[in-house]
Amino acid sequence: MLTRLQAINQILVAVGEQVILVEVAGAGDYANAGAVLDAETIKVLAKGWDFNTDNGWKTGPDSDGHVLIPASVLHVASSDPNRNIVQRGDRLYDVDRKSDEFDADLEVNLIRSFAFEDCPYHVQREVVGRAIKAYQRSYVGSSQLDQFAQEEQYEAQGDARDAESVIDDFNMLDNPDLYYLRRRVHRRLV
């Protein structure tokens, strides 16, 4: 697991800057790299990973009939494919009924935001890879460094996808649209 300081130092070293030994609020390169790290963390987490996705989260309306969304939520969608429920501001909105008032409990799927330090290592690595590239493009602008940053980002992204597929135990044969591909066991009649 990486600390925020370690991640920022990886960003700085990748573009030829000196490392920072302690976190100092407002320090130029540190503040810039920290802002890029935070922005890239949100972008990566918004994709939805196993650790930050809550499927079937049950919630209900408050006394005014509104279903409020926690501040840490990046994306929300109805678990019921027949209901078109979206996020509007800090509450849910029923697009079909054109109302933000609900009279019953709902089941929704959420994608949540977390601090960089609370993410698994494979996600941290992808965030840092993307942050290196973004920082380099925004503050340095070297085409040679951009190529190195691109390679690091692709490697980190591939490793993150591999780790996630192991965690989620993805299997294309679990897809109901592909059941016909399953092998059938044929028994011989004697």
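Tutor: Arg-91 forms a salt bridge with Asp-100, and the closest N and O atoms of the pair are 3.0 Å apart. A salt bridge here is a side-chain nitrogen of Lys or Arg within 4 Å of a carboxyl oxygen of Asp or Glu. This is a predicted model, in which local features need pLDDT of at least 70 and side-chain atom pairs count only at pLDDT 80 or more, while totals for chains, interfaces and linings use all residues. Residues are numbered from 1 along each chain as its sequence is written, and side-chain values use heavy atoms, with hydrogens and water left out.

Both partners of this pair are partly exposed: Arg-91 because its relative accessibility is 25%, and Asp-100 because its value is 23%. The classes are buried (under 20% relative accessible area), exposed (over 50%) and partly exposed (in between), with a 1.4 Å probe and protein chains only. In the loop between β4 (91–94) and β5 lies Lys-98, which is exposed, at a relative accessible area of 63%. Lys-98 has a positive phi of about 55° although it is not a glycine. Most residues other than glycine have a negative phi.

Arg-112 forms a salt bridge with Asp-54, the closest N and O atoms being 2.6 Å apart. Since Arg-112 lies in strand β5 and Asp-54 in strand β1 (residues 53–59), the bridge ties together parts that are 58 residues apart in sequence. Arg-112 counts as buried because its relative accessibility is 16%, whereas Asp-54, at 26%, is partly exposed. Helices (H or I, at least four residues) and strands (E, at least two) are DSSP runs, numbered from the N terminus.

A search of the whole structure finds 10 salt bridges. One of the pairs is Glu-40 with Arg-130, whose closest N and O atoms are 3.0 Å apart. Glu-40 lies in helix α2 and Arg-130 in helix α3, so this pair joins parts that are 90 residues apart in sequence. Glu-40 and Arg-130 are both buried. Together with Lys-43, they are linked in a network of salt bridges.

An α-helix has 3.6 residues a turn, so residues three or four places apart point the same way.

Leu-5 counts as buried because its relative accessibility is 17%. Leaving aside neighbours within four places in sequence, Leu-5 is in contact (heavy atoms within 4.5 Å) with Ile-20, Leu-21, Val-22, Glu-23 and Tyr-30.

After α1 comes Gly-16, with a positive phi near 85°. Val-24 lies in the loop between α1 (4–14) and α2 (28–45) and counts as partly exposed because its relative accessibility is 42%. Val-13, Val-19, Leu-21, Val-22 and Val-24 make a nonpolar surface patch of about 480 Å². Patches are made of residues with over 30% relative accessible area and no salt bridge: like charges are joined within 9 Å, and nonpolar side chains (Val, Leu, Ile, Met, Phe, Trp, Tyr) within 5 Å. Accessible areas come from the Shrake-Rupley method with a 1.4 Å probe, and for residues only the protein chains shown count as cover.
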